[in-house]
Amino acid sequence: MAVFQLIGIAFVTAVAAILLKSTKPELSFAVTIAGSIILLLFAFELFGNSLSIFEEIASATGIRTSLIKILLKMLGIGYLVEFTAGILKDFGQNSLADKLVFCGKVVILVLAIPILESVLGFIRDLLELL
């Protein structure tokens, strides 16, 4: 199961970072970042294998694939920002982490504009039918 591999990578990274923290703190940070990148790449690979499902959903429901892509981008940005903010908080950069989360929310809001336009167009079309 993939989750056990993710957990194993996380534990190995954590133990290595803890062991290095007392002697070489700069290497501890590098090990943490490297482990985090490995986890992200592994998760992206797992997610990439299931993207065809979203195309099937779009074609079955009649939703434009561009809107599905926007939703997936928003989801990815949210996860990446939260993941990165967690790493920053681990290294005592709480203020920077909070600012990153805020900026991520702004990016998601900007990406949501085409979806909002689509929903408003749908509502307008429904009102014209009445």
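**Entry 1. Confidence**

pLDDT is the predictor's confidence in each residue, from 0 to 100. I noted at the outset that this is a predicted model. I looked up the chain average and found a mean pLDDT of 89, with 100% of the residues at 70 or more. I then went through the elements: helix α3 (residues 51–61) has the lowest mean pLDDT, 82, and helix α5 (residues 94–111) has the highest, 95.

**Entry 2. Elements and overall form**

I looked up the secondary structure and recorded 6 helices and 0 strands. Along the sequence the pattern reads α-α-α-α-α-α. The radius of gyration of the chain is 20 Å, whereas the globule rule gives 14 Å for 130 residues; the chain is therefore more spread out than a compact globule. For the C-alpha trace I noted spans of about 70 × 35 × 15 Å along the principal axes.

**Entry 3. Helix α4 against helix α5**

How do the axes of α4 and α5 cross? I found that they come within 8 Å and cross at roughly 175°. Because angles over 145 degrees count as roughly antiparallel, α4 is roughly antiparallel to α5. I listed the residues of this contact: on the α4 side they include Ile70, Met74, Ile77, Val81, Ala85 and Leu88, and on the α5 side they include Leu96, Leu100, Val101, Val107, Ile108 and Leu111. Sorted by class, the residues of this contact are 13 nonpolar, 4 polar and 4 charged.

**Entry 4. Helix α4 against helix α6**

I next examined helix α4 (residues 65–90) with helix α6 (residues 113–129), whose axes lie 9 Å apart at an angle of about 140°. That angle makes α4 oblique to α6. I recorded the crossing of these two helices as left-handed.

**Entry 5. Cross-check**

Note on methods. Residues are numbered from 1 along each chain as its sequence is written. This is a predicted model: local features need pLDDT of at least 70, side-chain atom pairs count only at pLDDT 80 or more; totals for chains, interfaces and linings use all residues. Side-chain values use heavy atoms; hydrogens and water are left out. Helices (H or I, at least four residues) and strands (E, at least two) are DSSP runs, numbered from the N terminus. Axes are lines fitted to C-alpha atoms, for helices over the stretch in contact, and angles run from 0 to 180 degrees between N-to-C directions. Angles under 35 degrees count as roughly parallel, over 145 as roughly antiparallel, 65 to 115 as roughly perpendicular and the rest as oblique. A crossing is left-handed if the near helix is turned anticlockwise from the far one by less than a right angle, and right-handed if clockwise. The radius of gyration is taken over C-alpha atoms; the globule rule is 2.2 Å times the number of residues to the power 0.38. Contact means heavy atoms within 4.5 Å. Ala, Val, Leu, Ile, Met, Phe, Trp, Tyr, Cys and Pro count as nonpolar, Asp, Glu, Lys and Arg as charged, and the others, Gly among them, as polar.
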